[in-house]
Amino acid sequence: MSNAYKLESYEALAPAAAVAPVLEAARRPRIRGTESGMHVQLSDTASNANLYRSHVIGQARLSMATLLAPEPSAKTSFYTVQAWEGVVESVEDADIYVRVVDKTDRSRPESFATISKDEIDQEDLDLVKPGAIFYWMVGYETKASGKKRSSFIRFRRSPAWTKTNIQDVEKKANELLNRLQGVVASPSGG
Amino acid sequence: MDLKPAKSIVTLVVVGPVSPALFTPHWFKVNELVREGEADEAKIQVITEDITLFQAEWLEVDVRPNRIQLRTMQDAYQPVLRDLMVGILALMPRVPFTQIGFNWQNIYHFPKIDQYHALGHRLAPKEPWGETMINPGMLKVAVRSERSDGRRGFKDFRVEPNLGSTDNEVVISVNDHVSFDSEKPSSPELVTQCISEYWEPSKDEFEKVAATLISGVN
Amino acid sequence: MSCSIVSKVSSLAPPAANQVELVLIGPRYGESMCLHIGDNRWVVVDSCVYGPSKVPAPLYYLDQIGVSPLAIERVAATHWHDDHVRGLSAVVDAAQNAKFCMPNALSTREFATLAAAYSSTPMTKGVTELHTILKEIDVGRILMCGPSQLILRDTTSAGAVEIWSLSPSTDELRASLVEFSALIPKEGEPLNQSPSRSPNHLAMVLFVKVGDVSMVLGADLEEHGDPNRGWSAVLTQMATESGSSLFKIPHHGSATAYHSGVWSNMLSSNPVAVITPFHHGRSKLPTDEEVRRIKGHTEHVFLTTPQPLVRSKGKPQIVEDEIAAVTKGRGMHHEQVSPGVIRCRVDLASNAGTWDVGLIGAAVQL
């Protein structure tokens with residue numbers, strides 16, 4: 001019975017049949033039905049990971065009371081033992097000097113390390129610059145083939161400065177300057 | 001007891017008028033929101049004007065005409081998911097996003113069935129329900145908390161057993177909802193600022209509540 | 001002789017009303033000074049933080065000796081670099097009776113734009129700190145400083161007090177504005193990255209005189225051979241002053257901050273020289289070579305924290321293995337929990353201008 005709730009069962013349906021109830025769900029207001037005899041208005045921001053499944057599975061006329069936790073859809077999972085968030089302090093040749101904050105044990109002080117560029121994914125190399133933020137995770141990766149130790153370093157992909165952002169900055173700068181108008185140089189005698 | 005979750009999931013939802021058909025893996029790729037390889041290998045379920053659903057290695061994307069939803073079931077990628085949403089919103093400076101939902105979910109496997117039932121008895125004592133029911137069991141408990149940060153919204157905490165599992169599984173979750181409806185115009189900058197500022201406090205609070213609930217079981 | 005006693009300080013106590021005291025705090029990265037001018041009146045120069053609690057170092061030190069932040073009369077930011085201003089907004093906020101002194105270039109449009117652009121940059125607080133201060137402080141508390149600017153003049157039980165800023169020069173101000181403009185982000189550049197560090201054109205050197213004793217607090221001012229900038233410009237205006245017996249070595253003892261004229265024209269013979277380290281990326285200051293050069297001028301050289309980093313340990317084996325596999329050198333390090341502090345005290349009435357140097361924590365005489 002549990003297989004019916006997995007995402008894979010949704011994929012197994014013919015595309016038209018799969019999409020139609022979902023599209024209908026997308027258009028309906030988000031009010032759940034008759035659990036416990038009460039209508040419960042769902043928040044607009046509640047995860048709908050179950051919602052489209054429930055409508056698909058509703059076609060099978062199963063009890064909604066059994067539609068609960070989302071089933072794992074990822075074939076690979078990563079269990080984190082240690083997480084750091086870091087910033088690049090400087091890059092010199094192939095060496096990246098980093099400062100990291102321990103996200104697993106926040107009582108620990110900032111730490112510093114040198115990492116080789118060889119450790120960085122090819123697709124992140126362009127992001128390695130002073131001030132760049134990255135995440136370094138250590139843990140266990142579980143795939144179909146089994147469980148093994150793993151770690152990855154991943155750089156934050158920041159959006160680029162837009163014209164709007166720059167206009168906002170200029171506005172903030174003007175506000176600051178307006179505040180400081182009239183502040184004179186240090187007079188004699190302090 | 002000190003039981004760590006077997007799985008932690010986060011779903012980040014932002015409400016605002018968008019066009020689902022825009023949100024293709026290719027769009028994510030050309031805007032450098034994700035790695036090229038992740039976008040190239042994404043599995044698309046559907047992309048239409050009304051809905052986009054696809055999965056990448058660690059990511060599930062679900063876009064409707066009124067919301068963008070990103071989800072990851074790998075806790076290591078949680079901050080990456082947050083950054084991704086910030087990156088998406090930065091590309092839409094004119095869209096009036098009005099609500100954010102941080103949906104945290106922990107799945108616990110209780111080693112013993114007695115512990116699993118003990119949580120249900122603790123959160124939903126059966127005595128007030130009288131003698132009529134036969135083998136009553138808790139289906140779901142939901143409690144709403146107000147926000148302490150001065151913003152409109154709420155935090156709906158839920159505890160429910162996963163009846164589809166045979167591993168004594170319990171799901172503790174929260175819909176941490178922030179609304180900007182009363183703040184006009186609500187710029188994407190405000191929304192992204194809130195995502196960045198509230199992310200960790202939201203998660204910390206959820207983990208605290210979850211840990212408190214679990215610790216009450218012996 | 002400028003230095004009479006060097007001792008290890010085991011318990012902290014505030015200075016007497018008639019004593020002048022300069023305290024230099026310097027972990028691996030960052031520098032801060034607390035200056036007592038007499039009668040429990042204090043000046044704070046720059047700020048840094050250390051340890052997990054991230055309490056600003058000057059507030060922490062003053063609290064340890066029972067001094068309220070309300071006793072601070074001036075808070076000075078010698079320049080805008082991250083290692084000199086972390087925690088400064090909290091210091092300014094706590095020191096409600098203090099004027100805030102900063103180089104006048106920090107009140108320009110170029111810097112205001114830079115500060116606004118990076119005001120919410122994660123994991124770096126330098127520009128954020130100054131932006132916060134400028135945005136929130138009562139503007140009546142701000143003092144803009146340029147060369148030959150008087151910051152404070154008064155009389156205490158310790159003597160007649162004068163504090164002057166000796167830099168940045170006008171040429172340096174112009175150079176800084178050009179640099180700020182270059183650092184302001186442009187359309188298309190990635191958001192949320194820190195501005196890269198630029199040379200220390202803006203560093204504000206302070207000259208402090210109390211009674212007959214004077215000291216030069218060198219900030220991070222560098223020298224590049226231009227008579228209108230750096231130490232050359234300072235020496236031009238300080239032609240008539242000399243004989244300072246305490247020198248806070250500029251820019252962590254780097255070669256680019258050395259000028260022989262400072263030692264011959266501004267300082268007494270054998271002054272007390274105090275240094276903070278700087279470990280950032282590959283850069284480790286002071287180098288052995290520069291220490292030797294400084295010791296050629298004075299035998300009284302003190303360093304706050306000679307070994308600022310210690311090896312991080314205590315993680316699960318899978319994590320330690322991963323650190324060893326991924327990092328170069330000897331793995332991961334963190335700052336010493338208690339960095340060194342150098343306390344220089346002089347009692348003008350009894351010591352005739354010679355300093356008692358107290359070494360706290362990791363501080364050493366070189």
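Helices (DSSP runs of H or I, at least four residues) and strands (DSSP runs of E, at least two residues) are numbered here from the N terminus. The model is a predicted one, in which local features need pLDDT of at least 70 and side-chain atom pairs count only at pLDDT 80 or more, while totals for chains, interfaces and linings use all residues. Residues are numbered from 1 along each chain as its sequence is written, and chains are lettered from A and ligands numbered from 1 in the order in which they are written.

**Stop one: chain B.** Follow the chain along its sequence and you will read β-α-α-β-β-β-β-α-β-α-β-β-β-α. Its C-alpha trace spans about 60 × 40 × 30 Å along the principal axes.

**Stop two: where A meets C.** Now show chains A and C together. Here 49 residues of chain A are in contact (C-beta atoms, placed from the backbone, within 7 Å) with 58 residues of chain C. On the chain A side, H4(A) gives the most, with 11 residues.

Next, pick E5(A) and strand E18 (residues 333-335) of chain C: 2 bridges join them, and they run antiparallel. Zoom in on A:Phe112, whose bridge partner in E18(C) is C:His333.

**Stop three: a helix in chain C.** Select helix H1 (residues 57-64) of chain C. Which of its residues are buried (20 or more other C-beta atoms, placed from the backbone, within 10 Å of their own)? They are C:Ala57, C:Pro58, C:Leu59, C:Tyr61 and C:Leu62. Among the elements they pack against are helix H3 (88-94) and strand E19 (341-347) of chain C. Just after H1(C), click on C:Gly66, which takes a positive phi of about 75°.

Technical notes
Two residues are in contact if their C-beta atoms, placed from the backbone, lie within 7 Å. Two strands pair if DSSP finds at least two bridges between them. A residue is buried if 20 or more other C-beta atoms lie within 10 Å of its own, exposed if 12 or fewer, and partly exposed in between; C-beta atoms are placed from the backbone.
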